[in-house]
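Please look over the sequence and the model shown here before reading on. The paragraphs that follow lead from the terms used to the helices, the cores and the charged pairs.

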Amino acid sequence: MKQKVYISDVEQLSPEQLESLLESAEQGDAAAMHQYAVQLFVKDDSDCVSWLKKAVRLKHVEATADLGMLFTYGIHVKKDEKYGFQLLKRAAESKNSYAQMNLGLCFLYGKGTKRNYKQAAYWFAQAVEQGNMDAVYELAECYFSGCGVKQDMELACRMYLDAAENGNVEAMNALGSCYMSGNGVEKDELQGLYWTQKSAEAGYFEAMMSLAHIYMFGTEKIMRDHTLARCWMRAAVEAGSLKEDDKVEDALGFLDMLDDLKSQGVSGEIKLSQAILHNPNL
């Protein structure tokens, strides 16, 4: 699984609101210090660290959670996973859902502590109880794979749906995959296409690649469309995560070969098999 980090929600503020927030922070308001730090973090400004530290000294729980995340992943600070874990645990035990999320990830990946899948699932569940939709997705992943809990794909799909309907793009993509394969739900390729495309349109590059694959090869109910396949592959590249990915270049080359064979008058199944023979890496 790809590692992720979560930080407190941030509102977009006007310059006047930001100035007022800074004034409150400078006057010793811990909540303002934290909110100002998160604003700086979103702008990739390393000054967020000093404001978080000030708020942590005043025992601000949300700031403790966010500073723990920074140390765990080495963002704007020298990485210190053990210290980050300690901060996250402190905030998680104080019921901060983002700390609970990141603590679950620490247990899942063994960051600052030994891997413990049961503890990972436990902390995701704690965050779920507070309505954290990202946690719903993470816990669904646990149930889907049987990681730290008894495997239950049907429950996982219900949780994916809950998170997807609340805007989680990873859950949309996961739900689309479940419908395409019939894992945990009755197979429904059109529903699979719907959720995968919804995720891709929201900018999730893995969903873009999934769509490209669907249109490249086609399915029982979805026609091949190499124009759309190329379009979604290019969109994934432009999303920034796959610019140097050789598999994408292979896939684009594969589509070019299909077009060349088509121009030579080679039909459907034969052209696909011939293209695969020319590019065995796919």
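A residue is called buried when its relative accessible area is under 20%, exposed when it is over 50%, and partly exposed in between, with a 1.4 Å probe and protein chains only. This is a predicted model, in which local features need pLDDT of at least 70 and side-chain atom pairs count only at pLDDT 80 or more, while totals for chains, interfaces and linings use all residues. Residues are numbered from 1 along each chain as its sequence is written, and side-chain values use heavy atoms, with hydrogens and water left out.

The protein averages a pLDDT of 87, and 83% of the residues score at least 70. Among its elements, helix α5 (residues 81-93) has the highest mean pLDDT, 98, whereas helix α15 (residues 268-278) has the lowest, 40; helices (H or I, at least four residues) and strands (E, at least two) are DSSP runs, numbered from the N terminus. Over residues 266-282 pLDDT stays under 50, and for this stretch the model has 27 contacts beyond four places in sequence, a contact being heavy atoms within 4.5 Å. Where pLDDT is low, the predicted coordinates should not be read in detail.

Helix α1 (residues 15-26) has 12 residues and reaches 16 Å from its first C-alpha to its last, close to the 16 Å expected at 1.5 Å a residue, where the expected span is 1.5 Å times one less than the number of residues. The buried residues of α1 are Leu18, Leu21 and Ala25. Seen down the axis of α1, these buried residues fall within an arc of 60 degrees, so they line one face of the helix; the arc is that of the directions from the helix axis to the C-beta atoms. The buried residues of α1 pack against α2 and α3 (48-57), while Glu16, Glu19 and Glu26 are exposed on the other side of α1. After α1 comes Gly28, whose phi is positive, near 100 degrees.

In helix α2 (residues 30-42) lies His34, which counts as buried at 7% relative accessibility. Not counting residues up to four places away in sequence, His34 touches Ser8, Leu52, Ala55, His60, Glu62, Ala63 and Asp66.

A nonpolar core is a set of buried Ala, Val, Leu, Ile, Met, Phe, Trp, Tyr and Cys residues joined through side-chain atoms within 4.5 Å. The largest such core has 64 residues, of which Leu67, Leu70, Phe124 and Tyr160 touch the most other members. Helix α6 (residues 97-109) gives this core its largest share, 9 residues. A second, separate core of 16 residues includes Ala200, Met208, Ala212 and Ile222.

Taking a salt bridge as a side-chain nitrogen of Lys or Arg within 4 Å of a carboxyl oxygen of Asp or Glu, the count comes to 3 salt bridges. One of them joins Lys111 to Glu81, with the closest N and O atoms 3.2 Å apart; Lys111 lies in the loop between α6 and α7 (117-128) and Glu81 in helix α5, so the pair ties together parts that are 30 residues apart in sequence. Lys111 is buried, with a relative accessible area of 8%, whereas Glu81 is partly exposed at 24%. Another salt bridge links Lys89 with Glu93, the closest N and O atoms being 2.5 Å apart, and Lys89 is partly exposed, with a relative accessible area of 33%.

Methods:
pLDDT is the predictor's confidence in each residue, from 0 to 100.
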